[in-house]
Amino acid sequence: MRRIDIRRLNPSQDWKTRAQNKQSNIDNGLCEAKTGQTIWAELKPALKDLSKNKCWYCESREDRSDNTVDHFRPKSIYPWFALDYENFRFACTFCNSVRTNPKTGESEGKGDHFPLLAGNRATNRIQRNTESYVLLDPCKTTDVGLLDFGDDGRPRPKYPNEETKNQRVLDSIKYYHLDHPDLNEARRLLALDIRDLIETGDELYPELNTGNGAIDKAFETVVDSIARLIVAEAPFSVFAKKMVKGFQNREWVEDILECA
């Protein structure tokens, strides 16, 4: 999960006016929240651009599904946020829709889930900041930093000994379906690719600047390949950067991370 700066989303004044009018109708009981779909769907391309075409929750590019505009606070529970664009998140089908995990048989996916840690649920938009919610928000820096991964590609809490943080991550893994077998395998294979590149770089590095242009060029290719895996545009780039950091005791690897 990579932090997304929602402030960069700046809908047109025309969109804001239409959204405000529709939201007013929803608030006054003249129509249901779902009737605003055609309006919020207009922002899908802009939301997609903010994450370099990746799901905001799992960082995958899911070509097999219709990615969607997810309401972080579900519109079924919080209809007054149905057209609040700061409540929109760009999500893949696996994270947004309720599905069965083929490995565990458990139901996973966000759907209309929005559990709270404690306290009362907000009953209007003014109470937005009074809730203590469970799910990690990709728009909050302090949230995305709580998620970690093992070398096998499986997601896990970064602070397992801190009860609240641990609970939030474990529940987010479940509700966002971050441990879907396809995602775990994609990350595992990415880790193996990074290890192979590091090993190749280690073999080439001592021979640099010895007059052998072929070796210099091969090393440059390795460095460029690693760098492309950790830039914001790359799928699973946060996981990839974590894997590369595991080799930062190499001088040449540390240089890549400093430039990322």
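1. Among contacts (heavy atoms within 4.5 Å) in the protein chain between residues at least 6 apart in sequence, 64% join residues at least 24 apart. This is a predicted model, in which local features need pLDDT of at least 70 and side-chain atom pairs count only at pLDDT 80 or more, while totals for chains, interfaces and linings use all residues. Residues are numbered from 1 along each chain as its sequence is written, and side-chain values use heavy atoms, with hydrogens and water left out.

2. The protein chain has ten helices and eight strands; these are DSSP runs numbered from the N terminus, helices being H or I of at least four residues and strands E of at least two. The C-alpha trace spans about 75 × 40 × 30 Å along its principal axes. Of the 260 residues, 46% are buried (under 20% relative accessible area, with exposed over 50% and partly exposed in between, for a 1.4 Å probe and protein chains only).

3. Helix α7 covers residues 181-204. At 1.5 Å a residue its 24 residues should span 34 Å, and its end C-alpha atoms are 35 Å apart, which agrees; the expected span is 1.5 Å times one less than the number of residues. Buried residues of α7 include Pro 181, Arg 187, Leu 190 and Ile 194. The buried residues of α7 pack against β7 (147-149), β8 (155-157), α8, α9 (237-245) and α10 (251-259).

4. Helices α7 and α8 (residues 213-230) pack at an angle of about 155°, with axes 10 Å apart. Axes are lines fitted to C-alpha atoms, for helices over the stretch in contact, and angles run from 0 to 180 degrees between N-to-C directions. The two helices are therefore roughly antiparallel (over 145 degrees; under 35 is roughly parallel, 65 to 115 roughly perpendicular and the rest oblique). Among the residues making the contact are Leu 197 and Gly 201 of α7 and Phe 219 and Val 222 of α8. By class, this contact has eleven nonpolar, three polar and no charged residues (Ala, Val, Leu, Ile, Met, Phe, Trp, Tyr, Cys and Pro count as nonpolar, Asp, Glu, Lys and Arg as charged, and the others, Gly among them, as polar).

5. The axes of α8 and α9 come within 7 Å and cross at roughly 135°, which makes α8 oblique to α9. Ile 226, Leu 229 and Ile 230 of α8 meet Ser 237, Ala 240, Lys 241 and Val 244 of α9. This contact has five nonpolar, one polar and one charged residues.
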